[in-house]
Amino acid sequence: MKTGRIFGIFAVAAALVSSPVSAQAEQQAMVISGDVKVVKTVTADDGTEQTELADTSVVVPGDKLLFRNNYRNQSTEPVENFKLTNPLSSAVVFAEDNDPALEVSVDGGSTWAALAELTVTNEDGTTRAAQAGDVTHLRWTLKMIQPGETGQVTFNAFVR
Amino acid sequence: MKRTKQMLGAVSATALIALSVSPAYAAGTTAGDPIANTVTVDYQVGGFNQTAVQDTDTFTVDRKVDVTVTESGDIGRTAVSPNQTEAVLQFDIQNLSNDVVDLDLSTALAAGNDFTPTNIQIWQDNGDGVFDSATDTLVTYLDEMAEDEIRTVFVTADIPVGANTGDVADITLTADAHAGGTAASLGAELTDTAGANTAGVDTVLADGAGDTDAANAGDFSDTDGFVVTAAAVTVSKTSVIISDPVNGTTNPKAIPGAVVEYCIAVSNGTGAATATGVTVTDNLPVDLEIDDVFGVFIDGTVDGTGACQADGVDNANSNFVDNAPGTQDQVTGTLSDIAADVTRTLYFRATIN
């Protein structure tokens with residue numbers, strides 16, 4: 001039994017369903033934080049190419065971006081069915097070199113699958129295979145996150 | 001078991017602003033637009049749904065300056081004639097920046113030109129793609145070029161009369177990006193934002209290297225040129241004795257009273273421009289009298305030896321002046337246009353006094 005455990009910083013009563021009174025000062029089990037880096041390819045003196053991550057101080061169309069989402073279970077309970085949903089900004093386009101197994105949506109989050117399994121309906125009613133540029137949302141699902149466990153999920157996108 | 005439901009304030013709630021919809025321009029996301037990345041997590045603890053957590057990271061897109069200048073219209077050097085005025089070169093200029101820019105235009109003569117075009121001017125097309133000094137606008141810069149906008153400009157020049165066939169002269173057109181935003185005024189030249197990132201929109205020069213400019217310098221250039229194709233007209237005049245009063249047409253001699261046919265052949269050289277308005281004028285010696293019954297024939301051909309063949313036409317634009325004996329008779333005629341490698345003739349007969 002988990003009685004009296006408090007999650008969440010503050011509660012909005014109107015949003016609560018069957019909320020116990022003690023939810024007032026709960027702490028959220030999961031903490032997430034994200035950042036974005038510019039992926040720069042630099043050529044070293046010996047001719048080898050290396051990628052560097054720069055901050056987003058200067059970002060122009062065509063730049064490759066690395067979106068990083070960090071998560072941490074700060075509670076003492078295991079977190080189950082962790083689902084992290086990341087809508088793609090309309091100003092960026094999903095890169096083609098992302099993990100093909102990534103779960104994505106090309107219809108605003110209604111249907112989810114690997115990109116290769118999705119199709120897009122053209123205006124004339126015909127369908128075609130979905131392209132990286134069609135991606136509107138990304139989602140990661142983790143079955144179990146142990147207390148104190150941290151992790152990071154990432155993807156690449158280009159500035160339109 | 002207890003169900004817990006709660007809302008967590010977003011880490012940076014103020015960043016949760018509505019994104020402006022980015023048009024699918026090649027130039028890309030407009031400078032100054034924010035890119036916000038918002039993630040949401042849902043999860044369960046002890047089998048119960050927990051409230052979604054959000055996190056947002058926002059940054060601003062900076063100004064990327066890119067411009068191209070491309071020869072258009074007549075690709076390759078444009079054929080011109082000596083003494084031609086307002087010979088035209090055409091260029092398409094595109095603003096590939098993600099911001100509105102003014103483009104300062106300048107021309108430069110390429111090195112090694114065979115001749116020097118003069119009176120070089122730049123015109124902005126009125127949209128019909130055809131140069132017309134009456135409807136196109138003389139410009140020194142392109143004002144308020146929108147993202148991805150393409151404009152056509154014409155560079156005109158006068159060709160010196162002394163230019164010869166095959167002579168070439170190239171002109172390089174350079175477009176240099178200046179700040180847009182104020183109509184009818186050339187903004188300040190755009191330069192890379194030096195040093196550390198600023199809070200506002202920084203400028204990154206990201207143009208390619210054109211014919212005479214460096215990459216990432218905010219400008220682009222392309223070269224087009226003129227090649228002179230003058231007409232190369234040569235004239236030969238030959239004569240054949242047709243008859244004399246003693247021998248008739250059998251082995252006639254050039255004695256007084258003999259009839260002589262004069263053949264004036266005008267040829268245009270290989271690769272030359274078509275010669276137009278070719279007028280042949282021949283003043284006969286005083287001891288020759290024009291055969292005004294035979295008349296003057298034009299636009300005939302020559303045989304393999306260069307002699308006139310009797311295939312000309314007695315054309316109304318041919319003329320002769322039959323003066324009294326002792327005064328020169330005159331023959332004139334205007335031939336049809338003579339293309340390269342073509343010979344046209346004018347022939348007439350005269351009597352030896």
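**Exercise 1. Determine in which order the elements of chain A run from the N terminus on, and how many helices and strands its secondary structure comes to.**

Solution. Start at the N terminus of chain A in this predicted model and follow the elements, which run β-β-β-β-β-β-β-β-β-β-β. Counting by type then gives 0 helices and 11 strands for chain A. As a further step, consider the contacts in chain A with a separation of 6 or more: residues 24 or more positions apart account for 66% of them. Buried residues, finally, make up 28% of the 160 residues in this chain.

**Exercise 2. Work out the strand order of the open sheet of 5 strands in chain A, and say which strands are its edge strands.**

Solution. Reading across the sheet, the order is β2-β1-β3-β11-β5 of chain A, and the pairing is antiparallel. The edge strands are β2 (49-54) and β5 (92-94) of chain A, each of which pairs on one side only. On average, and with direction ignored, neighbouring strands of this sheet are turned by 40° against each other. To look at one pairing in detail, take strand β1 (residues 30-43) of chain A, which is joined to β2(A) by 6 bridges, the two running antiparallel. Within β2(A), the residue that stands opposite V38(A) is A54(A).

**Exercise 3. Decide whether D107(A) is buried, partly exposed or exposed.**

Solution. First locate the residue: D107(A) lies in the loop between β6 (103-105) and β7 (113-114) of chain A. Next, apply the cut-offs, under which a residue is buried with 20 or more other C-beta atoms within 10 Å of its own and exposed with 12 or fewer. D107(A) has 15 C-beta neighbours inside 10 Å, and therefore it counts as partly exposed. For orientation, the C-alpha atoms of D107(A) and T121(A), which are 14 residues apart along the chain, are separated by 9.9 Å.

**Exercise 4. Find where the largest nonpolar core lies, and explain why it lies there.**

Solution. The largest nonpolar core has 60 residues, and those with the most contacts inside it are I93(B), L103(B), V153(B) and V155(B). Domain 1 (13-61) and domain 2 (65-228) of chain B both give residues to this core, so it lies between them. Take I93(B) as an example: leaving aside its neighbours within four places in sequence, its contacts include V67(B), L103(B), L142(B) and V153(B). There is also a second, separate core of 22 residues, among them V280(B), I298(B), L335(B) and F348(B). As background, nonpolar side chains tend to be buried together in soluble globular proteins.

**Exercise 5. Describe the open sheet with the order β5-β7-β12-β9-β10 in chain B.**

Solution. This sheet has 5 strands, and its pairing is antiparallel. Its edge strands are β5 (67-72) and β10 (137-138) of chain B, each pairing on one side only. Strand β7 (residues 87-95) of chain B is joined to β5(B) by 6 bridges, and in β7(B) the bridge partner of V67(B) is N95(B).

**Exercise 6. Explain why strand β23 (residues 343-352) of chain B is described as largely enclosed, and list strands that pair with it.**

Solution. Of the 10 residues of β23(B), 7 are buried, so the strand is largely enclosed by the rest of the structure. Its antiparallel partners include the following strands of chain B:

- β17 (residues 259-268) pairs over 9 bridges, with I264(B) opposite L346(B).
- β19 (residues 288-290) pairs over 3 bridges, and E289(B) has T351(B) as its bridge partner.
- β20 (residues 296-300) is joined by 4 bridges, and F297(B) has Y347(B) as its bridge partner.

Conventions: Residues numbered from 1 in each chain as written. Chains lettered and ligands numbered in written order. Predicted model: local features only at pLDDT ≥ 70, side-chain atom pairs only at ≥ 80, totals over all residues. Core = buried A, V, L, I, M, F, W, Y, C linked by C-beta atoms within 7 Å. Domains from an automatic or database assignment. Contact = placed C-beta atoms within 7 Å. Pairing = 2+ DSSP bridges. Axes fitted to C-alpha atoms, helices over the stretch in contact; angles between N-to-C directions.
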